[in-house]
Amino acid sequence: MTDEIFTTADALEASILPCARVVHSDPNMPATAEQQPLPAAVSKKPVDQKSPAEWAYERLILYIRNFEGQLDTKHEIAMGFAGGDAGVLRIEGLGYFDPDMITFYGRDDDGAKTQLVQHVTQLNVMLRAIPRAEPDTPPRRIGFRLAKDWDEPPRAGA
């Protein structure tokens, strides 16, 4: 009976706590998103109750926040897209549409408004540090604005 309870408890914990791992060649690297605890708001809802889009969106925010936390004041975050000639997108927004779509909003290298809608099974982005578009203004940090929503109740339809 004890083994059954332990097994059930393990299964419940596994559905709530995602598995993450990272190994670096430099042991003094700053902590990565995989090495940091999940914010309480992300941990409230078990992973198995999240859509693929919601779970991908939350993890992207974690990666973006971590990457931005390592940037100096002369750089902002942008994304490159693998497998195509889409170029680089200066990140201005990130969204998802259940059950399986992620949307990236921003500007390309020429400053043109850009939006990429991507299925979670095709998700493959590269975060890049690029010089700020407006060097006389403070750097924009989208990751911390995205994570702000975790502390506020979602709006209907948002």
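Arg90 and Glu76 meet in a salt bridge, with their closest N and O atoms 3.1 Å apart; the term stands for a side-chain nitrogen of Lys or Arg within 4 Å of a carboxyl oxygen of Asp or Glu. The pair ties together distant parts of the chain, since Arg90 sits in strand β2 (residues 88-97) and Glu76 in strand β1 (residues 75-81), 14 residues apart. Helices (H or I, at least four residues) and strands (E, at least two) are DSSP runs here, numbered from the N terminus. Arg90 and Glu76 are both buried, where buried means under 20% relative accessible area, exposed over 50%, and partly exposed in between (1.4 Å probe, protein chains only).

A word on the ground rules before we go on. This is a predicted model, in which local features need pLDDT of at least 70 and side-chain atom pairs count only at pLDDT 80 or more, while totals for chains, interfaces and linings use all residues. Residues are numbered from 1 along each chain as its sequence is written, and side-chain values use heavy atoms, with hydrogens and water left out.

Arg107 forms a salt bridge with Glu92, and here the closest N and O atoms are 3.4 Å apart. This pair, too, links distant parts of the chain: Arg107 belongs to strand β3 (residues 101-107) and Glu92 to strand β2, 15 residues apart. Arg107 is partly exposed, with a relative accessible area of 32%, and Glu92 is also partly exposed, at 31%. Through salt bridges that share partners, Glu76, Arg90, Glu92, Arg107 and Arg140 are joined into one network.

How many salt bridges does the structure hold? There are 6, and one of them, between the side chains of Lys50 and Glu58, has an N to O distance of 2.4 Å. Lys50 lies in the loop between α2 (40-43) and α3 (52-68). Is Lys50 buried or exposed? Lys50 is buried, with a relative accessible area of 9%, and Glu58 is buried as well, at 6%. Setting aside neighbours within four places in sequence, Lys50 is in contact with Val42, Lys45, Trp55 and Glu58, contact being heavy atoms within 4.5 Å. As a general point, side chains of opposite charge can pair when their charged atoms come close.

Two hairpins are worth a visit. β2 and β3 form a hairpin with 3 residues between them, and 7 bridges join these antiparallel strands. Across this pairing, Ile91 has Gly106 of β3 as its bridge partner, and Leu94 stands opposite Phe104 in β3. In the loop between β2 and β3 you will find Pro99, which is joined to Asp98 by a cis peptide bond with omega of about 5°. β3 and β4 also pair in the antiparallel sense over 7 bridges, with Gln118 in β4 as the bridge partner of Ile102. Their hairpin has 5 residues between the strands, and in it Gly111 takes a positive phi near 85°. Most residues other than glycine have a negative phi, and most peptide bonds are trans.

α3 has 17 residues and reaches 24 Å from its first C-alpha to its last, close to the expected 24 Å at 1.5 Å a residue; the expected span is 1.5 Å times one less than the number of residues.

Conventions: Two strands pair if DSSP finds at least two bridges between them.
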